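Hi everyone, thanks for coming. I'd like to walk you through one structure today, so let me put it up on the screen.

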Amino acid sequence: MDAGVPISAPVAGVAMGLIKEDDQYIVLTDILGDEDALGDMDFKIAGTSEGVTAVQMDIKINGLPTEVMARAMQQAREARLHILGLMTKTLPGYREELSPYAPQHEEVMVNPEIIRMIIGPGGKNIKAITSATGASIDIDDSGRISIFAPTSESMRQAKEMVMYYDQHAELGKNYNAKVRRILEIGAIVELLPNLEALVHISQLDTNRVEKTEDVARLGEDMMVKVIEINGDRIRASRKAVLLEEQGIEWKPEDTARPQRDRGDRGDRGGRERRGDRNDRPRREHRD
């Protein structure tokens, strides 16, 4: 085996056979397998145009003369180069993409906490995915999911159905959300499956809103823009979408929550500074 042969080079293989009677012999070049059943040697050799990558041999005689081995290697090289030439003529270079009908494999990472949702009660969800797409899915506790699909379309569908349960909001993106809860301070909307956001009452409309129910109605759709992502907490705005429709571009600072000024406690107005403890009268002297 030639360690210097690049593994990405095209590889072809041939089978060499031998018919030997006393001192006379004939080396056969075949790729069909007849030399194995009828001959005295089964010598398979594979390689690229640059060298040999693999060999395998079975013999049915006692010993093999060096000249027979040399002859077999030379004929195998000639046959290998001939096959490689036909391969190159048919397909001069590698395809940039796999055929859409070729088997596919892909790995995705999801939040381990949603694995139970992907599997579903009694495996209901994962069975539905494999049944609809024909793909095989292997789930690891770390969140790594391996998808094996028979075609590219099957892979696309399986991946989409798996990732349906692991959604992430994008800052500044508009979503056609559904109102799930009505609160005094605003509305809770579902941006994506299992992903909710708060639309504060001040972000429900361009005009002042007295009650959340005046704008948001349970179960109805609402176009909103994600204006803040803070860990698992997401804030969205209908007002930003309405302003954009009027040609006013949304900027993050426009909807940023004001930061409270946490200055020196001793600088607070309206309160006198407490005296030093040493200046206070002792307890027994107080009235």
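Let's begin inside. The largest nonpolar core here has 20 residues, and those with the most contacts within that core are A169, V189, L191, L204, M222, V224 and I234. Five elements, β8, β9, β10, β11 and β12, each give two or more residues to this core. There is also a second, separate core, made of 16 residues, with V110, I126, A135 and I145 among them. Please keep in mind that what you see is a predicted model.

What is I234 in contact with, once we leave aside its neighbours within four places in sequence? The list runs A169, L191, L195, E196, A197, L198, V226 and E228.

How are β8, β9, β10, β12 and β11 arranged? They form a closed barrel of 5 strands, in the order β8-β9-β10-β12-β11, and the pairing is mixed. On average, neighbouring strands in this sheet are turned by 55° against each other, if we ignore direction.

Let me zoom in on one pair. Strand β8 covers residues 174-182 and strand β9 covers residues 186-192, and the two pair in the antiparallel sense over 4 bridges. In one of the bridges, I182 has A187 of β9 as its partner.

A search of the whole structure turns up 1 aromatic pair. The ring centres of Y164 and Y165 are 5.2 Å apart and the ring planes stand at 85°, so this pair is edge-to-face. Are these two tyrosines buried or exposed? Y165 counts as buried because its relative accessibility is 17%, while Y164, at 41%, counts as partly exposed.

The protein chain has 6 helices and 12 strands, and buried residues make up 31% of its 287 residues. Of the contacts with a separation of 6 or more, 58% are between residues 24 or more positions apart. The accessible surface is about 20300 Å², with 48% of that belonging to carbon and sulfur atoms.

That's my tour, and I'm happy to take questions.

Key. Residues are numbered from 1 along each chain as its sequence is written. This is a predicted model: local features need pLDDT of at least 70, side-chain atom pairs count only at pLDDT 80 or more; totals for chains, interfaces and linings use all residues. Side-chain values use heavy atoms; hydrogens and water are left out. Two strands pair if DSSP finds at least two bridges between them. Axes are lines fitted to C-alpha atoms, for helices over the stretch in contact, and angles run from 0 to 180 degrees between N-to-C directions. A nonpolar core is a set of buried Ala, Val, Leu, Ile, Met, Phe, Trp, Tyr and Cys residues joined through side-chain atoms within 4.5 Å. Buried means under 20% relative accessible area, exposed over 50%, partly exposed in between (1.4 Å probe, protein chains only). Contact means heavy atoms within 4.5 Å. Rings of Phe, Tyr and Trp (its six-membered ring) pair if their centres lie within 6.5 Å; planes under 30 degrees apart count as stacked, over 60 as edge-to-face and the rest as tilted. Accessible areas come from the Shrake-Rupley method with a 1.4 Å probe; for residues, only the protein chains shown count as cover.
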